[in-house]
Amino acid sequence: MAVTAATGGIRIVSDFLHPSLIFLACAGLVWLLPGRLGRWLPPIAGALAILAVLSLRHGDYAHFRYLGLDLGAGRVDALAVVFAHVFAIQALIGFIYALHVDDKWQHLAACLYIAGAFGCVFANDYVVLFIGWELMSVSSTFLVWLRRCPASTGAGIRYFLFHTLGGLCVLAGLLLRHQALGTFAFTAIDPANAQYFDYLIMVGFCVNAAVIPLHAWLPDAYPEATVTGAVFMSAFTTKTAVYVLARGFAGFEILGIMGTLMTLYGVFYATIENNARRILAYHIVSQVGYMVAGIGIGAAMTINGACAHAYAHILYKGLLFMGAGALLYSAGTAKLNELGGLFRRMPWVFYLYMVAAVSISGFPLFSGFVSKTMTITGAAESHHTWLALGMEVAAVGTFLSVGIKLPFFAWFGGPDKGLPLKPVPWNMYLGMGIGAFLCFWIGIQPGFLYHLLPNPVEYTPYTPWHVLQALLLLGFTGLGFYILRARMTPEAKLNLDFDYFYRLVARVFLAFCRQVVERLDNWWTEFYARAGLKGMLKVAAGSAWFDKAAIDGVVDGTALGVRRVGQGATLAQTGRLQDYLAAAVVVGLAIFALVWFWG
Amino acid sequence: MTSHDHQPPQPAAPLGPTAIKLRLAMYLALGVLVALNLFVLPHDPHFGLDGWPGFWAVFGVAVAVGLGRLAKGAAHTFLGKDEDFYLRRDPKPAPAGPAAAGHGGHGGHGGH
C-alpha cells in the first residue's frame, strides 16, 4: 500500500497505511451518519486495519515536521507488529460484538480510542506517543460515561482525573528529557543510566499499566463502562502501556518485582469480589502483572513471554468481558449474588466464556498455556526463582476465581433465580465465537503466535512435564475450591482498595476548598460589593449612556450582537465535565488542523 | 464495620447420585495425575522441592485453600464494606436545576 499526502510544505510518502487513519476516518463517518447506518462501518474499519497490519514491512515511515520538530509516526518493527496484529484483530471482534448498538457516540469513542492505541504503537518519538496516549485517555473516558448512569459518571470522572495525572507525568518527563538530552526519540533506556525524567515517564506508563498502587482506577471504572466499551478497554489501555514499557523500560528490576506483586494482588481481590466484571478487572491487574514482570526481568524469553501473553490476554480477556457483558446485557446485573442457575437458559454464553476461562488459567490446548508458561519458565531460568514462584501462586488464584468461582456462581450454584432474560443478539455470539476460536487456535498452533515475537523463540510448551504440571496445578486447585465451596459464596459487599486513599485526598482537597478558598472568596465578594461595586455601577451607568447615545448610533446593533454572543457562551457553560471535555477535544483537534495546514 | 454482619458458611447440602459420581470421577482423575507424576518429573527443577512427585498437587490445593481463606478472612475483617459505603461518605452534590446548570461555569463570584 502507498499513501501520499502533501500538505503545505509537509510531504509524507510511505509504504504503509497507518491503521490510526482508518479509525479516524471511520470516526468521522460514524459522526456524520445516523447510528443505525454508522454502526456497520467500524467492523469494516477493523477488517481494513487487519489488512493494513498484515501488509506491514519493517521500516520507518511517516516522518514529518510539525511545530519545528522532526517527528515519526510509523516505526514498524517486530515489537510494534505483534501488538498491532492483535489490536487489529480485537478491534474487529469488538466492533462485531457491538454491532447491535445504535448509539453512534459509543462507536465514535471506540474508533478514536483504537486510533490512539495504534498511534502509540507506531510512534517513533514521545510527541506522537503523547498525542495517541491522550486521545486514548479522553475517548476511553467516554466509553465509561456513555453508559449514562450516576455510577458511570462518577467512575468516569475518577478515571479521567487519574489518567490526566499519569499523562502529566509522561508530559513532564518527556519535556525534561528533551531539555536534558535534546531529543524526543522514544528508544530503550538503559536501567544503569536512567535519570529522574525517565522514571517520571515510567510512572506515567505504570498508571496505564495499572501497576499497584496506581491501579485502582481499573477495577473502579471498567465494571461501570458500557457493555461493549469494557470489551475495548480490556484490550487496549493496559496493553498499550505494556508495549511502551517493553519498548522503553525492559530490564528495570523494579518492574519485575512490581509485576509479580500485581499478579498476586489481582487474584487476591478477584477471590472476594462479587461483581463479575470487577473480578475480571482485577484479573487484568493480575495478568498484566505477568507482562510487567517479564519486561522487568528483561531476558529474551521473558520479553517474548510478555508479548505472547499480551497477545493471548487481549483475546481471552476480551472474550471474558464479552461473556460477562452478555450476562449484564441479558440479565441486567453482573453481580454473582443476584445471578445463579443460568446454565439451562444461557448455555452458549457459558461454553464460550469457559473457553476464555481455561485459556486465562493456562490449560493445555488453550492460548494462556503457550504464553504464561513462557514467562514463568523465563523467570525461573534467569534465576528469578521467587518471582517465578509468585507467578505460580497467581496461576492458582486465576483458575480459582475466573475459571471456577465466577462461572460456578453465575451459571450453576443453586436453582435458577428466575431473572427475566433479554435475548443475546447474534452479533454478540459471533464476536465471542471468533474470540473463542482464536483462543483455541493459538493453543494448538503456538507457532502462529511465536513467529510474531521480537526475539528468537527457544521454548517448547508441549513437553510431557509442562502438560502434567499444568494439569496437576489446576486439577488440585479445583479440589481446593471443592473444599472451600461454601466459604467462597459471593457476598454483596464493597472491598476497600487503594481508591480509598485517592478519595481521601479528594475529600481533604474539598474540605480545603470549603474551609479556606470559599471563605476567601466570600470575603472578596463582600469587599467587592461594598468597596468596588458602587464605583463600578457609576462607571457602568456612564458607559451605558455613552454606548446608547454614541456607539450604537454609529454602529447599530453592536451591543445586541455582543449580548447574543454572551448568551451563546452562557448556554455552552453546562456545568457538565463531559461536555467540557468533548469541547476541549474538538477545539484541540481544530487547532491541530489549523497548525497542520497553515502552520 | 461489616464483620459483624458476616454469616458463617452454610453446611453443604447432601449430594445427589450424579454429584457423587462426579466427585468420584474428580478424585480418580486427580489420582491418575499424581500417579503419572511418579514417572514424569522435571529434568531441571527450578525451586528444589518441585522435583518431588506430588509437589504441584500439594502446591495447588494448599495455595487454593490458603488464598481462599486469607482473602475471605480479610474481606470479613477489614476490607469488606456495605455496597453504598462511598455513597454515604461522599459529600452530596449540589442540587441540579436550571439555575445551577446555567451558572455552572461561572467563576468565583457565585454570590452575585
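1. Two strands pair if DSSP finds at least two bridges between them, and helices (H or I, at least four residues) and strands (E, at least two) are themselves DSSP runs, numbered from the N terminus. In this predicted model, Leu494(A) stands opposite Lys81(B) in β1(B). The strands concerned, β5(A) and β1 (residues 80-81) of chain B, run antiparallel and are joined by 2 bridges.

2. On conventions, residues are numbered from 1 along each chain as its sequence is written, while chains are lettered from A and ligands numbered from 1 in the order in which they are written. As the model is predicted, local features need pLDDT of at least 70 and side-chain atom pairs count only at pLDDT 80 or more, whereas totals for chains, interfaces and linings use all residues.

3. The predictor gives the complex an ipTM of 0.82 and a pTM of 0.86. For pLDDT, the predictor's confidence in each residue from 0 to 100, chain A has a mean of 90, with 93% of its residues at 70 or more, and chain B has a mean of 76, with 66% of its residues at 70 or more. The pLDDT is below 50 over residues 97-112 of chain B, a stretch with 16 contacts in the model beyond near neighbours in sequence. In chain A, pLDDT stays under 50 over residues 1-13. Where pLDDT is low, the predicted coordinates should not be read in detail.

4. Counting two residues as in contact if their C-beta atoms, placed from the backbone, lie within 7 Å, the contact between the chains takes 44 residues from chain A and 42 residues from chain B. Which element gives the largest share of the side of chain A that touches chain B? That is α19(A), with 16 residues. By class (Ala, Val, Leu, Ile, Met, Phe, Trp, Tyr, Cys and Pro count as nonpolar, Asp, Glu, Lys and Arg as charged, and the others, Gly among them, as polar), this side of chain A has 26 nonpolar, 14 polar and 4 charged residues.

5. Inside chain A, the axes of helix α5 (residues 104-122) and helix α6 (residues 126-145) come within 7 Å and cross at roughly 155°, the axes being lines fitted to C-alpha atoms, for helices over the stretch in contact, and the angles running from 0 to 180 degrees between N-to-C directions. That makes α5(A) roughly antiparallel to α6(A), a term for angles over 145 degrees. Residues that meet here include Trp105(A) and Tyr113(A) from α5(A), and Trp133(A) and Phe142(A) from α6(A). The residues of this contact divide into 16 nonpolar, 5 polar and no charged.

6. Helix α1 (residues 19-32) and helix α3 (residues 41-54) of chain A pack at an angle of about 170°, with their axes 9 Å apart, and that makes α1(A) roughly antiparallel to α3(A). Among the residues that meet are Phe23(A) in α1(A) and Leu48(A) in α3(A); by class, the contact has 13 nonpolar, no polar and no charged residues.

7. Strands β3 (residues 59-66) and β4 (residues 69-76) of chain A pair in the antiparallel sense over 7 bridges, and Tyr61(A) has Gly74(A) in β4(A) as its bridge partner. Their hairpin has 2 residues between the strands, and Leu67(A) takes a positive phi near 55° there.

Terms used:
Parallel < 35°, antiparallel > 145°, perpendicular 65-115°, else oblique.
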